[in-house]
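Dear colleague,

I am handing over the structure below, and I would be glad if you could look through it with the notes that follow.

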Amino acid sequence: MKTKNKIVALALLLISTIGLNAQEIDYANYIWDFEPSFESPKVEGDLSEVILKNKRVLEYVFEPTGFFQYDLSHQVIYIASEAGVEDNNKVYLSTAGDEQVIYQRARVVNSKGEIIEFDDLDIEEGVNEESGYSYKYFALDGLDIGSFVELIFLIKKADMYNGVRTTFQGFNPTMNIEFDLIAPDGLFFAFNSLNGFPEVKFDTTLDEKNYWDVLVDSIPAYQSEEMSYSTPNLQGVIYKLTENQYSGARDITSYGEVAKSYYDFCYNSLSKKDKKAIKKLIKSIGITDDMSDLEKIQKFEHHLKENYAVIDYVPSEFANIKALIKNKASNGSTFNRLYASALKEMEIKHQIVLTTDRTNLRFDQEFEAYNYLQSTLFYLPNENKYLDPTESSYRLGFISAENTNNYGLFIRELKIGDITSGIGKIKFIKPLASSESQNNHFVKVDMTVDPFEPEIAFEQHMSGYYSTFLQTSYSQLSEDEKERVNESLVEMVTMEKNEAEIELENATAEDFGYKPLILKTTVSSLKFTEKAADKIIFKVGELIGAQSELYNDKPREHAVESSFNREYIRKIEVALPQDYDVSNLEKLAFDVALEDGTAFFKSSYKVENNVLIIEVSEIYSRINFSLEEFEDYKRVVNAAADFNKVVIYLTKKA
Amino acid sequence: MLNKRLGLMLTLFFCAQALFAQEMEDFNYYADKYKGNTIVNSLFKTHLTISLDKKKGIDVEVSEEERRVYLKDYAPQFSKSRISYSEHYKLSDIDVYTLVPKGEKYKKEKVTDFANKTEFSPGIFHNGSESMNFFYPSLTKGAVSVVKHTLNLSIPQLLSSFYIEDYYPTEMREVIIDVENGVELNFSYVNTTMADYKPTIEETRKGKRYIWRIKDVPAFEIDNDSPDPLYYTPHIIPRIASYTSGKEVVKVLGDLKDLYTWYYSLVEKTDIEPSDDLKAIVDSLVEGKTDELEKIKSIYYWVQDNVRYVAFEEGMEGFIPDAAANVCDKRYGDCKGLSSILFTMMRYANIEAYFTWVGTRDRPYKYEEVPTPMVDNHMILSYKYKGEYFLIDGTSNTSPVTESTAFIQGKEVMIGIDKDQYRIQQVKIRPPEYSNFNDSVSLKILEDGKVEGKGKVEISGFYASRMKSMLKLASTKEVERFMESYLERGSNKFELDTFWLSDISDREGNFIVHYLFNIKDYARINGDELYINLSVNDIYTNENLKKDRKTPYEVNYKSSFNLTVSLEIPENYNVSYLPEDIEFDNELFGCGLKVTKTENSVVYSMREYDNFLILYPESFGDWNIMIKTLKKIYRESVTLKKV
C-alpha cells in the first residue's frame with residue numbers, strides 16, 4: 001500500500017537484500033534525491049507530457065555465473081494534460097525469462113507537492129510461460145495534471161551486447177538525456193548514433209572500468225507525418241561490444257562471424273534423421289530431378305504454405321525439422337532451416353539474406369550489429385528473386401515490402417576443400433518495379449437506359465502487394481467467410497454497399513505473381529449522378545475511387561517514404577445517352593509528373609460513337625522522395641485527388 | 001471391502017470399455033456433411049456436478065470436453081490453443097490430445113507441455129484471468145483435437161450460462177447436470193424455451209441427472225453492429241436456489257431477494273466512513289450551497305474531474321466496492337470504487353444515496369427473470385431528490401447530474417435501499433430529439449466555384465456527452481485535427497479557417513461549435529448555369545442492411561439529425577431549379593428534404609431520425625428504402641442561371 005511522505009532508507013535496504021556485490025556495480029545503490037526538487041517546465045503549445053530526465057546506464061560485469069548487463073533507467077515525467085495522466089497512470093515493466101528486476105521504484109509528486117511512494121506491495125505480476133516474459137505492472141495512484149512521475153528500474157540481463165538500439169526521442173520533448181556505458185577495462189564498445197543523436201564518447205578508465213557517455217540537454221518531440229515512417233527517424237544509439245582484451249578477441253560483433261554461425265545453424269546442425277525427413281518430404285510433394293529450379297521451389301513453397309503453419313511459440317521439443325514435418329507446424333526459425341536445407345537438397349542455388357524492417361530500422365551498411373539481422377529471407381540469384389519462408393501470404397518473388405529498398409547481409413556458401421562455410425556480403429535489396437503491383441480499374445457505364453441511375457460494370461485487376469493477401473488465402477476461407485469477403489469486395493469495387501454478386505478470377509496462390517486477381521461486378525447506382533433539374537452531373541472522377549490527398553499547406557518536415565512502387569491504370573468508358581449533350585470534358589485531361597518521371601498522373605479522353613473513353617495512368621516508381629522533391633510529389637498526389645472531383649454535365653438536347 | 005485386485009481389474013475393464021465405447025469420428029461423414037466449413041465440433045460436452053460437501057457446504061465442478069474435426073489442409077494453423085480460467089474458476093484435470101488419422105484408425109498423441117499466461121483484457125487493468133496454452137501435435141486434415149478439463153467454482157453464485165451454439169457448427173451438444181438430493185436447482189431459458197430444449201431427467205443414486213443432447217447445432221451468427229449475441233443465441237442459465245447443510249436450508253439464489261441479500265453482504269464489507277481528506281473535500285464543495293441538487297452536482301462533478309476510471313477486477317474486489325477513502329487517495333477506481341466514493345461523499349453531505357446494480361445493454365436480462373450475477377455487470381449510484389430516484393454513473397466523466405449513460409438505457413437497475421429492501425426501476429429511454437445533431441450553414445459563392453461559409457453545429461444529449469468525453473482528453477492539436485475532419489463539408493477541398501468550441505466542461509449545456517470555412521471548386525459552373533449541391537453533410541450514405549441478415553442492428557442511442565443550409569444567391573443569378581420536397585417517415589425512422597426560396601437565398605432543410613435502439617430484420621427492407629431516399633436527397637443540386 002501507499003506510503004505517503006515516507007522516506008525509505010533504500011540504500012541500506014538494497015545492500016542487505018539484493019545479494020550482489022555492491023562494490024562491483026556503480027549503480028547498485030542508486031536512488032533518487034530524498035527531497036525531490038522538480039521544476040515545472042514551460043509547456044509550450046500543446047503537450048501531454050514532458051520528459052524532464054531520461055538517464056540510462058548500462059554496466060557490464062563478469063560474475064561467477066556469467067557475463068551480465070545491468071540496465072538502469074531513471075526517468076522523470078512531467079504530466080501536462082489529462083492525456084498525460086491517462087498515459088502514465090499505469091506502468092508496465094516486462095522482463096524476459098533470464099532477466100531479473102533488481103529494484104524498481106516509483107513515486108509521484110502531485111500538483112500539490114505531496115509525495116506518494118510506491119512499494120512492492122502495489123505491484124501486480126503477470127506471466128507468459130511461452131515467451132518466457134513476465135510482467136510487472138502497477139497503477140500510479142494520485143496522479144493529476146502538474147504531477148511529476150519518477151521511475152527507477154535496475155534490471156539484470158544476459159547476453160545483450162551484439163547490437164541493441166536505445167531511442168531517446170519520442171513524441172514529447174525530452175530533457176536531460178544521459179547515456180552511460182560502463183564495462184570492465186578489457187572490454188571495448190562501439191556506438192552508432194542515429195538521426196543526429198550526438199556521438200557517445202569514451203570518457204575515462206577508472207578503477208578497472210571503462211566509461212563511455214553522452215549528455216544531451218534536450219531533444220525535441222518528433223513530429224510524425226503521413227507518407228513517412230517515424231520509428232526509423234528517431235534519435236538514439238546502437239551499441240555493441242567490439243573487443244575483448246582479456247581473450248584477445250577483436251571484431252567481436254561482426255558479420256563475418258554471423259555468416260559462419262548462421263550458415264552452420266542452417267545447414268550443419270541437422271541430424272541424420274532431419275536430413276532423411278527432408279528428402280522424404282521433397283519426394284512426397286512430387287518434386288523430381290527433371291523439374292527446373294523454379295518449378296521445384298514453387299512447388300515446395302506452395303505445398304508448405306498451404307499445408308503447414310508457422311507458429312510463434314512451440315514447445316522446444318517441436319522446434320526441430322523432424323517434428324516440423326510431422327506436426328506440419330513449428331516456429332519461424334525451424335522453417336528457415338527447413339527451407340535452407342531443402343533448397344540445398346534440391347540443388348537450387350541460393351543465398352540467405354538477413355535484414356531489417358525499414359519501417360522500424362534502416363539497415364546500416366557501415367555499422368555491423370546483430371539488431372540489423374531481424375528478418376530471414378532467401379535470394380535465388382539465377383531467378384533474381386527473393387523468398388520469405390515464414391510469410392504465408394507471399395510467394396517467391398515477393399517479400400514484405402518493408403524488407404526491400406533496404407540493405408541486407410547476403411550469406412553464400414564458401415567451399416574450401418571438404419569444408420563448407422558461410423561468407424557474407426552487404427548488398428541492396430531492390431524494391432519491386434511499379435509494374436509488379438498494380439491496381440487497375442476498368443469501368444463501363446451505360447447511361448443510355450436510365451441516365452440518372454446508370455448501370456455500371458466494374459472490373460478491377462489487382463496484382464502484387466494489392467492482391468497478395470486475397471490470392472494466397474481466398475481458397476482457404478470457409479463458405480461463410482467467402483460470403484463475407486465477397487460482400488466487402490463488392491463494397492470496395494463499387495464504392496458502396498451493394499447486394500450484387502461478384503466474380504473472382506485468378507484467386508489462387510498459383511496465380512499470384514503471374515496473373516492479376518480480377519474482380520467483376522455490375523450494379524445500377526445512384527452514387528455517381530447528381531441531379532440539377534433535368535441536367536445530370538456525372539461524377540466520373542469518383543470512378544477511380546477515393547484518393548489520398550496532400551491539400552494541407554503545412555510545411556513538410558520529413559522526406560516521403562512509401563511502402564512499395566505501384567501503378568494505377570484506369571479505363572473508363574461511358575456510353576452517353578443519345579438525347580443529351582455533354583460538357584466539361586476538357587477538365588478530364590491531366591498531365592502532372594516529377595521531372596525524372598518517377599511519379600506521374602496523366603489522363604486523356606476521347607468520344608467515339610457516343611462513348612466517352614477516359615484513360616488514366618498513375619505511377620510511382622520510386623520509394624523515397626526527398627524534401628526538395630516534396631512539392632512536385634504533392635502535385636502528383638493532388639492531381640489524382642483533383643481528378644477524383646471532376647464531373648461532366650449532361651444537358652438534354654433542345 | 002473390495003478386493004484390491006478386483007478393483008484394479010474393474011478399473012481396467014472400465015478403461016477398456018471407455019476406449020471402445022468412444023465413437024471415433026468418421027472423417028468422410030463430417031467432410032461431407034459440413035462441406036465448406038473449416039472445423040466442426042463433433043462433440044461439445046459440459047458436465048456440471050453439484051454436490052453437498054461437509055466442509056464447504058456445496059461443491060460445484062464443471063467438466064468440459066470438446067472434440068473438433070479439422071476439414072481443411074491448413075488445419076495446422078489451429079495447432080495452438082488454450083483453456084481460459086480465472087481465480088473463481090480454478091483449472092484442474094487437463095487432458096489434451098490429438099487423434100491423428102492412421103488409415104481407418106486414429107493414433108492418440110498427447111499434449112504434455114502447458115504454459116500459463118496472465119490474460120490482459122482491453123480496458124481492464126487487471127482482472128485475474130489466466131490461460132493455459134498448448135500445442136496440438138500433428139493437427140493435420142482429418143485429425144481430431146480433444147480437450148478435457150475441469151473447473152472448480154469457488155463461489156456457487158457465480159455459476160455461468162450454457163450456450164448451445166459455438167463459433168463452429170456442432171454435431172452434438174451435450175449438457176449434463178448432476179445434482180445431489182438436497183440441492184435445489186433452477187433454470188432460466190433465454191432465446192429459447194423449455195419446450196425447445198427439454199432435458200431428460202434421470203434419478204441417480206445420489207440425486208437427479210438432467211441431460212440435454214442437441215444434435216446439429218449451427219454456428220452462431222454475428223454481424224457488424226449487431227447487439228450482443230446474448231440477445232439472440234439460445235442459452236440456459238442454471239442457478240442454485242438452495243442446498244441443505246445438515247438440517248438447515250442454505251439459500252443461494254432462489255429468487256431476487258437472495259441475490260440482493262448476497263450483494264448486500266458484499267457491499268456491507270465496504271468501509272463507508274469518510275476520511276478526513278474526504279470530509280474536507282465535501283465540506284468545501286457544499287459550503288454555502290443550500291439547494292440539495294447543487295450539492296449533489298458539486299460532488300458528482302468533482303468525482304468526474306478528479307477520480308479516474310480504471311477497471312480493476314481481481315478477486316473479491318470484483319464484487320466488493322473499494323473504500324471511499326482509498327479511492328480518494330488513489331484518485332482512481334473501478335465502477336464500484338467510483339460508486340463507493342460518491343456514496344460516502346453524498347451520505348456525508350446528508351444526501352440519500354444508494355449503491356445500485358445494473359446490467360449494461362450487453363445483457364438482455366431482467367432481474368426477476370434471471371436473479372443471478374449474470375443479470376448485471378456494472379455498478380452506479382442512485383440519489384433521491386424530491387421523492388424521485390436519479391441514477392448517476394461514476395465512470396462517465398461528462399454526464400450531467402440528472403442523467404445516466406446511453407449504455408444502460410431501457411435496462412432495469414436494482415437500487416439497494418437497506419439490508420432488506422431494494423427497488424427495481426427501469427432506466428428511461430431517451431427519444432430521438434434528446435440526442436440531436438443540428439448543423440446550420442450559410443454559404444456564399446465566390447469566383448471560380450469557390451464557396452465560403454460559416455456554420456454552427458449544436459449537439460445535445462448522449463451525442464453531446466460522448467463528444468465532450470472524447471474531447472476532454474484530447475490535446476489542442478488533436479482537437480484541431482478532429483475538427484478538421486468532423487466539420488468537413490462538401491468535399492475534401494474543404495478548408496477549415498477557424499472554429500470556436502463551447503465550454504466542454506459544461507456538462508449540462510449543449511455542445512456547440514461555430515466554424516468558418518471555404519471549399520474550392522464546390523459550385524460547378526457550366527456555361528451560364530451554376531450547380532450547387534447543398535447536401536454538404538451526408539450521413540448514412542453506406543448503411544444498407546443486408547436483406548437476408550438474421551441478426552438485429554443496434555445503435556448507441558436514439559438520435560435525430562438536422563441540416564439547414566442557406567445559400568446566398570449571387571448577384572446576376574436567378575434560381576432556375578429547386579429540388580422537390582421528399583418525405584419518408586415511419587414509427588422507427590425517417591427522413592425528409594424541403595428546399596425553399598426567399599428573396600435572396602435558398603434554404604435547404606434536411607432531417608433524419610432513428611427512433612430505435614435495436615432494429616429487427618423485419619424492418620430492414622424499409623430501412624434500405626430510407627437509405628435510398630437519403631441517397632436521392634444527397635444527389636439533388638440547386639441550379640442558378642445567369643440573368
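Through how many residues does a hairpin join S35(B) to S36(B)? The hairpin between these two strands passes through 3 residues, although please bear in mind throughout that this is a predicted model. Strand S35 of chain B, residues 589-597, pairs with S36(B) in the antiparallel sense over 9 bridges, and within S36(B) it is B:Ser605 that stands opposite B:Lys594.

S36(B) also pairs with strand S32 of chain B, residues 559-568, to which it is joined by 10 bridges, and these two strands run antiparallel as well; here B:Val603 of S36(B) is the bridge partner of B:Ser566. Because 8 of the 10 residues of strand S36 (residues 601-610) of chain B are buried, this strand is largely enclosed by the rest of the structure.

Turning to chain A, there is a negative surface patch made up of A:Asp289, A:Asp290, A:Glu295, A:Glu345 and A:Glu347. A:Glu347 belongs to the loop between helix H7 (332-345) and strand S18 (351-355) of chain A, and it counts as exposed because its relative accessibility is 67%, where the cut-off for exposed is over 50%.

A:Pro389 and A:Phe378 are separated by 11 residues in sequence, and their C-alpha atoms are 7.8 Å apart in space.

With best regards

Definitions and conventions. Residues numbered from 1 in each chain as written. Chains lettered and ligands numbered in written order. Predicted model: local features only at pLDDT ≥ 70, side-chain atom pairs only at ≥ 80, totals over all residues. Heavy atoms only, no water. Patch = residues over 30% accessible without salt bridge, like charges linked within 9 Å, V, L, I, M, F, W, Y side chains within 5 Å. Areas by Shrake-Rupley, 256 points an atom, 1.4 Å probe, with all protein chains shown as cover. Salt bridge = Lys/Arg side-chain N within 4 Å of Asp/Glu carboxyl O. Lys, Arg positive; Asp, Glu negative; His and termini not counted. Charge placed at Lys NZ, Arg CZ, Asp CG, Glu CD. Helix = DSSP H or I, 4+ residues; strand = E, 2+ residues; numbered from the N terminus. Buried < 20%, exposed > 50% of the residue type's maximum accessible area, 1.4 Å probe, protein only. Pairing = 2+ DSSP bridges.
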